[in-house]
Amino acid sequence: MPRQYKYLYGPVPSRRLGRSLGIDIVPLKVCTLDCVYCQLGRSSEKTTLRREYVPIDAVIEELAEKISSGLDADFITIAGSGEPTLNSGLGRLLKTASDITDIPLTVLTNGTLFYREDVRADCAQADVVMPSLDAGDEPTFHRINRPHRDISIEKLVSGLCAFREEFAGRIWLEVFLVDGMNTDTEQVAKIKGLIERIRPDKIHLNTAVRPTADANVKKVAIEKLNAIAAELG
């Protein structure tokens, strides 16, 4: 019978990362946001408190075992059920992973804690960081992402700008589009302005393809996605 891991999943096929081994380092829906489009449902705990939500030593033990058994993956991705930068052991996990494998390391994050120097230092040990930006202004940010009271869109953007200055790796920014919420010309222009400040290496546009936390979230048609991609340049 195959070994059952508690913190690892996959490798699974990923549209952006090929074969990706996932590592889950926070409990289900412990997050800084409560996004309307989240496929995992509503946040169970909305927080900005960093602590070791799951034991990083146990995660490292599983990862080392998986690698030693002959891991075939294009990326190792720290992501999962909540916001991974909330785990204070993230830096130690990335450092150890880079010591024991040459497989590129990715952090899939909503980007909200990058105003913190310790979070930026932790994530700087990855090869690719994949943050999110779903709004061009504060009202739309609150409508779509429903942030913790300590998080503002300016905090998010200025944190990612600081990270861009410090990080030698690649930033792939995801913009999740919800029809009627962040898809009009004015909102797309505002998002474009923030993207120009952040200066990511790539922009990925996404929309609802799985069930969402709020039932009224509308998928954006491919023609409209292509038009917005053209607007963003």
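Modeller: The description below begins with the sheet, then turns to the helices and ends with the pocket. Please bear in mind throughout that this is a predicted model.

Seven strands make up an open sheet, and their order across it is 1-2-5-6-7-8-9. The pairing within this sheet is mixed. Strand 1 and strand 9 are the edge strands, since each of them pairs on one side only. On average, neighbouring strands of the sheet are turned by 25° against each other, with direction ignored. In general, the strands of a sheet pair through backbone hydrogen bonds, and the pairing may be parallel or antiparallel.

Strand 1 and strand 2 run antiparallel and are joined by five bridges. Together they form a hairpin, with three residues between the two strands. Within this pair, Val12 stands opposite Ser20 of strand 2. The parallel example is found where strand 7, residues 128-130, pairs with strand 8 over two bridges. Here Val128 has Arg170 of strand 8 as its bridge partner.

Helix 2, which spans residues 90-100, packs on the sheet and touches strand 2, strand 5 and strand 6. The direction of helix 2 makes about 155° with that of strand 6.

Two further helices pack against one another. The axes of helix 5 and helix 6 come within 8 Å and cross at roughly 30°. Because angles under 35 degrees count as roughly parallel, helix 5 is described as roughly parallel to helix 6. On the side of helix 5, the contact includes Ile153, Val157, Leu160 and Arg164; on the side of helix 6, Leu194, Arg197 and Ile198 take part. The residues of this contact divide into six nonpolar, one polar and three charged.

The sheet and helix 5 also contribute to the largest pocket. Its volume is about 1,400 Å³, and 49 residues line it. Strand 1, strand 2, strand 5, strand 8 and strand 9 are among the elements that each supply at least two residues of the lining, as are helix 4 and helix 5. Nearest the centre of the pocket lie Arg16, Gln39, Leu108, Glu174 and Arg210. By class, the lining comprises 26 nonpolar, 16 polar and seven charged residues. The edge strands of the sheet, strand 1 and strand 9, are therefore both represented in the lining of this pocket.

Key
Residues are numbered from 1 along each chain as its sequence is written. This is a predicted model: local features need pLDDT of at least 70, side-chain atom pairs count only at pLDDT 80 or more; totals for chains, interfaces and linings use all residues. Side-chain values use heavy atoms; hydrogens and water are left out. On a 1 Å grid over the protein atoms alone, a cavity is a set of points where a 1.4 Å probe fits but cannot get out, and a pocket is an open set with protein on both sides within 12 Å along at least five of seven lines; lining residues have an atom within 4 Å of a point. Grid points are joined across faces, edges and corners, and a volume is the space filled by probe spheres set on the points. Helices (H or I, at least four residues) and strands (E, at least two) are DSSP runs, numbered from the N terminus. Ala, Val, Leu, Ile, Met, Phe, Trp, Tyr, Cys and Pro count as nonpolar, Asp, Glu, Lys and Arg as charged, and the others, Gly among them, as polar. Two strands pair if DSSP finds at least two bridges between them. Axes are lines fitted to C-alpha atoms, for helices over the stretch in contact, and angles run from 0 to 180 degrees between N-to-C directions. Contact means heavy atoms within 4.5 Å. Angles under 35 degrees count as roughly parallel, over 145 as roughly antiparallel, 65 to 115 as roughly perpendicular and the rest as oblique.
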